[in-house]
Amino acid sequence: MITCIGLMSGTSVDGVDVAITTISGEPPHVQVRLDHFETVPFSAEVRARIFRLFEPSVTAAEVSQMNFLLGHVFADAVLQVVERAGVDITNIMFIASHGQTVYHHPVAEEIAGYAVTSTLQIGEASVIAEKTGRPVVADFRVRDMAAGGQGAPLVPFVDALLFAAPDRGRILANIGGIANLTVLPRGASSEHSVAFDTGPGNMLVDGLVNRFTEGRQRYDEDGRLAQGGQVLEDFLAPWLQMPFFQQAPPKSTGRELFGEQMVDAWWRDAQAGGFRAEDVIATATAFTVRTFARAIREFILPHHVMDELIVGGGGSYNPVMLDGLRRELPQLNVLTQNEATGIPSDAKEAVAFAVLGYETYHRRPGNLPSATGAKRPVVLGKITWD
């Protein structure tokens, strides 16, 4: 039994999720207890600098500087949280840090005679190790990509390990910035699990809310804006035809497809059409719901008997999204992550990376080839010793 910390900064760029966890056992019998969880918000300056990294004109110098700056930010978040939790940092066996994704390109391109895929997560592990005095496991995605996978999604390995049920088929959804799911067939072992990104989660909605409110709101709290609007069907229709939605899994995506460029396009068209903010937010929310439900209907239900849809991430706090999923998927019992597993939605990904770090620390594979498309299971991440 060891105590460790999982760190996560997702595509929503809200802050650093810090999960202090106690883990024991080994696959297929791993036990996880969440001891303490907090999100340490990014300062306005740090958040702005992260978003600057998603712009085409960003320089190598800016990326390098932000890699080290985020190492300091992550380390300070750890030190703040362990102090508030009353935990002695020397009792933490290791810190597992996902880092901040600034680029993810899982489709191979021919470059200089090589088929190249790439991904980049920053938040320098050496800085975290130096400031905290603890070993750091980081850079999880690249090993899976080197083995022919897409480097994502990685959380399904943990979903299969912790939440598979012998008598129920479960779909575990994470609606964060990007929406993804893990399929856990009844009584099946982890190698029969399927997982993939379905498309936009909250990223587009958040970006549009920020534009319409001139920065006063970062997200649609409790779905209030969407509740006051009507879906603009003609506006939405061409976006539902994007090739990504027809692509069969395994597949992954990110800000490159559903980030600021899409927000810009929706904003321009909304302004040109003179549409109300509430209607545009309702339409963006429907975009997430319909593409997620479509992925389940087309790629999951024809092949597996499913009983439950368990929704985590920020989307689990949006009643408009939950109600939409219930309407689109009446054959499934739709529950929130908190209701079904006892792990708060906000904490799930940080807990998952603590578990992935636990597997790396013990030199055991942590990817699910059926989810990522990798040729074989591999040990993920790199360890920076204290």
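Predicted model: local features only at pLDDT ≥ 70, side-chain atom pairs only at ≥ 80, totals over all residues.

Helix 12 (residues 277-299) packs against helix 13 (residues 319-328) at an angle of about 35 degrees, the two axes lying 9 Å apart, and their crossing is right-handed. On the side of helix 12 the contact is made by Thr285, Thr288, Val289, Arg290, Phe292, Ala293 and Arg297, which meet Val320, Met321, Gly324, Leu325 and Glu328 of helix 13.

**Strand 1 and its partners**

Strand 1 (residues 2-9) is largely enclosed by the rest of the structure, because seven of its eight residues are buried. Strand 1 runs antiparallel to strand 2 (residues 15-26), to which seven bridges join it, and within this pairing leucine 7 stands opposite valine 18. The two strands form a hairpin with five residues between them, and in that turn valine 13 has a positive phi of about 55 degrees. Strand 1 also pairs with strand 4 (residues 95-111), here in the parallel sense and over four bridges; serine 9 stands opposite glutamine 100 of strand 4.

Strands of a sheet pair through backbone hydrogen bonds, in either the parallel or the antiparallel sense. An open sheet of five strands, in the order 9-8-7-10-11, shows mixed pairing. Its edges are formed by strand 9 (194-200) and strand 11 (333-336), each of which pairs on one side only, while the twist from one strand to the next averages 20 degrees. Strand 7 and strand 10 pair in the parallel sense over five bridges, with isoleucine 310 in strand 10 as the bridge partner of leucine 172. Helix 5 lies across strand 7, strand 8 (178-184) and strand 9, and runs at about 40 degrees to strand 8.

**Salt bridges**

| Pair | N to O distance |
|---|---|
| Arginine 49 and glutamate 45 | 3.1 Å |
| Glutamate 308 and arginine 168 | 3.3 Å |
| Glutamate 260 and arginine 211 | 3.6 Å |

Arginine 49 and glutamate 45 both belong to helix 1 (residues 44-52), where they are four residues apart, about one turn of the helix. Arginine 49 is partly exposed, with a relative accessible area of 44%.

Glutamate 308 forms its salt bridge with arginine 168. Because glutamate 308 lies in strand 10 (residues 308-312) and arginine 168 in the loop between helix 5 (155-163) and strand 7 (170-175), this pair ties together parts that are 140 residues apart in sequence. Glutamate 308 has a relative accessible area of 8% and is therefore buried, the limit being under 20%, whereas arginine 168, at 31% relative accessibility, counts as partly exposed. Both residues belong to a network of salt bridges that links Asp167, Arg168, Arg170 and Glu308.

The side chains of glutamate 260 and arginine 211 also meet in a salt bridge. This pair links distant parts of the chain, with glutamate 260 in helix 11 (residues 260-273) and arginine 211 in helix 6 (residues 203-212), 49 residues apart. Glutamate 260 is partly exposed, with a relative accessible area of 29%, and arginine 211 is likewise partly exposed, with a relative accessible area of 23%.

Methods:
Residues numbered from 1 in each chain as written. Heavy atoms only, no water. Axes fitted to C-alpha atoms, helices over the stretch in contact; angles between N-to-C directions. Left-handed = near helix turned anticlockwise from the far one by under 90°. Contact = heavy atoms within 4.5 Å. Buried < 20%, exposed > 50% of the residue type's maximum accessible area, 1.4 Å probe, protein only. Pairing = 2+ DSSP bridges. Salt bridge = Lys/Arg side-chain N within 4 Å of Asp/Glu carboxyl O.
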